[in-house]
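Me: I should like to learn how to read the features of a structure such as this one. May we take them in turn?

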Amino acid sequence: MPKYEIKEYKATRLGFGEALVELGHDNPNVVVLGGDVSGSVRTDLFMKAFPDRFFSVGIAEQDMMGTAAGLAIAGKIPFASAYGEFAAGRPFDQIRQSIAYSKIPVKICASHCGITVGQDGATHQSLEDIAIMRVLPNMTVASPCDYHQAKKMVKASVNWNHPIYIRFFRDNSPVFTDPNAKFEFGKADILIDGSDVTIIACGLQVWEAILAEEILMKDGISVRVINMHTIKPIDVETVLKAAIETGAIVTAEDHQKNGGLGSAVAEILSQNYPTIQEFVAINDTFGESGIGDELMKKYGIDKNAIVKAVHKAVNRKNKKRS
Amino acid sequence: MTAGHHKVDNLIAIVDRNDCQIDGRTTNVMNLEPLAEKWKAFNWDVFECDGNSVNDFISTVNNAKKIRGKPKVIIARTYMGNGVSFMKDDYKWHGVPPNEEQGKQALSELLPTRYGDFIEFGWEKQKIEVNVK
């Protein structure tokens with residue numbers, strides 16, 4: 001049995017949509033902007049509850065970012081939502097100039113991220129968004145691991161006075177975290193303790209890491225599992241502690257290997273405590289249309305890929321020591 | 001498009017219409033005309049003025065403020081480098097800083113003109129005093 005129990009299956013994007021409605025009741029300044037995909041990114045819930053505080057910009061994400069920045073300057077708390085590729089890639093310049101450079105606390109909420117968006121295919125599979133958002137000064141980048149954490153993260157973002165990019169997924173996914181567990185940006189969750197190797201994962205790969213730990217435990221490998229829900233600012237202390245105590249790191253994400261969570265971890269390790277690291281990520285290629293689970297397998301970011309990477313990391317570590 | 005759709009009538013955009021860009025005159029590089037019609041097509045109310053006249057500009061802003069139910073744009077016709085004899089209406093100055101001599105020359109020509117405009121609106125002279133060596 002995995003160390004965490006699946007209570008139900010719910011999408012992280014639903015957690016986002018429901019949190020917006022709760023925030024709408026709590027705070028009259030909360031406003032939501034959408035780019036023609038309100039039903040998909042679940043801002044339809046807010047739109048129905050607060051129609052005069054929902055602004056559609058049509059299919060014009062660049063315009064949406066400028067408008068969101070303007071609303072924030074005017075004292076509103078704007079959440080701008082779209083699919084990952086169209087929330088980060090298409091309006092990159094507007095995000096850089098009007099939000100990041102200007103330090104305007106717009107909440108950019110991206111659904112349908114990663115290869116698991118599946119049938120929509122390569123044009124809609126956002127595999128570069130972590131890289132291009134985390135490279136921007138002043139920008140926070142976060143990705144919840146399940147529905148409960150998505151909800152908590154969105155609610156916490158209201159008091160997070162920085163530009164922020166939050167990454168959600170389309171598919172229903174295991175809900176396994178405690179709805180009452182504390183959430184804090186920049187403070188990683190250590191889900192399972194272990195001493196031989198550490199898996200640092202974000203988003204849907206956190207559950208895959210929990211499944212991998214179960215398999216690896218049977219192979220006699222003691223695995224620490226960390227949910228790095230905030231990719232920037234990354235929890236440096238927890239990363240270094242894991243490197244020092246376990247001596248090998250495996251990162252796992254539904255994103256390009258170049259520039260993603262793995263790169264963020266490698267930047268910390270190489271500068272402070274060089275440690276053996278293996279990357280579970282999309283390997284410098286675009287995706288294709290398919291079923292989410294099958295694509296995770298084909299592109300090497302599922303539990304089996306994590307198990308393989310952990311064995312490789314542990315072997316490298318043992319070779320180094322002998 | 002968004003401002004027009006949502007009837008954002010507390011918004012006034014200003015186009016500094018000097019017909020210059022780094023590569024040359026906009027008319028030759030990539031013609032923008034008919035510019036007013038482009039804004040109108042996006043449901044904006046269009047005003048035009050002499051952008052180098054503070055008087056004309058302020059009265060145009062005041063007129064624009066009276067219009068409700070639409071965002072407004074002021075196409076302010078200007079000369080780039082207005083008030084400096086050797087810079088006026090010359091796109092080559094878009095990205096080139098003046099050298100020290102040219103800088104002094106430009107300021108000596110510019111300050112009296114700007115003073116003239118500011119004093120016209122009752123600004124106190126000391127508030128806009130600029131240090132010129």
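This is a predicted model: local features need pLDDT of at least 70, side-chain atom pairs count only at pLDDT 80 or more; totals for chains, interfaces and linings use all residues.

Reply: We may begin with backbone angles and one residue of chain B. With 19 C-beta neighbours inside 10 Å, D19(B) counts as partly exposed, since a buried residue needs 20 or more. D19(B) sits in the loop that links strand 1 (12–17) and strand 2 (20–21) of chain B.

Me: Which peptide bond of chain A is cis, with omega near -5°?

Reply: The bond from K232(A) to P233(A) is cis. P233(A) belongs to the loop between strand 12 and helix 10 of chain A. In chain B, a cis peptide bond joins E33(B) and P34(B), with omega about 0°; P34(B) is in the loop between helix 2 (26–29) and helix 3 (35–41) of chain B.

Me: At what angle do helix 10 and helix 11 of chain A cross?

Reply: Two packed helices are described by the angle between their axes and the distance between the axes. Here the axes of helix 10 (residues 236–246) and helix 11 (residues 261–272) of chain A come within 10 Å and cross at roughly 65°. The crossing is right-handed. Helix 10 of chain A contributes V236(A), V239(A), L240(A) and A243(A) to the contact, and helix 11 of chain A contributes V265(A), I268(A), L269(A) and N272(A). By class, this contact has seven nonpolar, one polar and no charged residues.

Me: Why does the length of helix 11 of chain A agree with expectation?

Reply: At 1.5 Å a residue, its twelve residues should span 16 Å, and the end C-alpha atoms are 17 Å apart, which agrees. The buried residues of helix 11 of chain A are L261(A), G262(A), S263(A), A264(A) and V265(A). Among the elements that cover them are helix 10, strand 13 (248–256) and strand 14 (276–282) of chain A.

Me: Which residues touch the most other members of the largest nonpolar core?

Reply: In soluble globular proteins, nonpolar side chains tend to be buried together. The largest nonpolar core has 106 residues, of which A110(A), I199(A), V250(A), I306(A) and V310(A) touch the most other members. Helix 13 (residues 303–321) of chain A gives the most to this core, with seven residues. Apart from this core lies another, of eight residues, including W39(B) and I75(B).

Me: How many helices and strands does chain B have?

Reply: Chain B has five helices and five strands, and from the N terminus on they run α-β-β-β-α-α-β-α-β-α. Of its 133 residues, 14% count as buried. Among contacts in chain B between residues at least 6 apart in sequence, 65% join residues at least 24 apart.

Notes
Residues are numbered from 1 along each chain as its sequence is written. Chains are lettered from A and ligands numbered from 1 in the order in which they are written. Axes are lines fitted to C-alpha atoms, for helices over the stretch in contact, and angles run from 0 to 180 degrees between N-to-C directions. Helices (H or I, at least four residues) and strands (E, at least two) are DSSP runs, numbered from the N terminus. A crossing is left-handed if the near helix is turned anticlockwise from the far one by less than a right angle, and right-handed if clockwise. Two residues are in contact if their C-beta atoms, placed from the backbone, lie within 7 Å. Ala, Val, Leu, Ile, Met, Phe, Trp, Tyr, Cys and Pro count as nonpolar, Asp, Glu, Lys and Arg as charged, and the others, Gly among them, as polar. The expected span of a helix is 1.5 Å times one less than its number of residues. A residue is buried if 20 or more other C-beta atoms lie within 10 Å of its own, exposed if 12 or fewer, and partly exposed in between; C-beta atoms are placed from the backbone. A nonpolar core is a set of buried Ala, Val, Leu, Ile, Met, Phe, Trp, Tyr and Cys residues joined through C-beta atoms within 7 Å.
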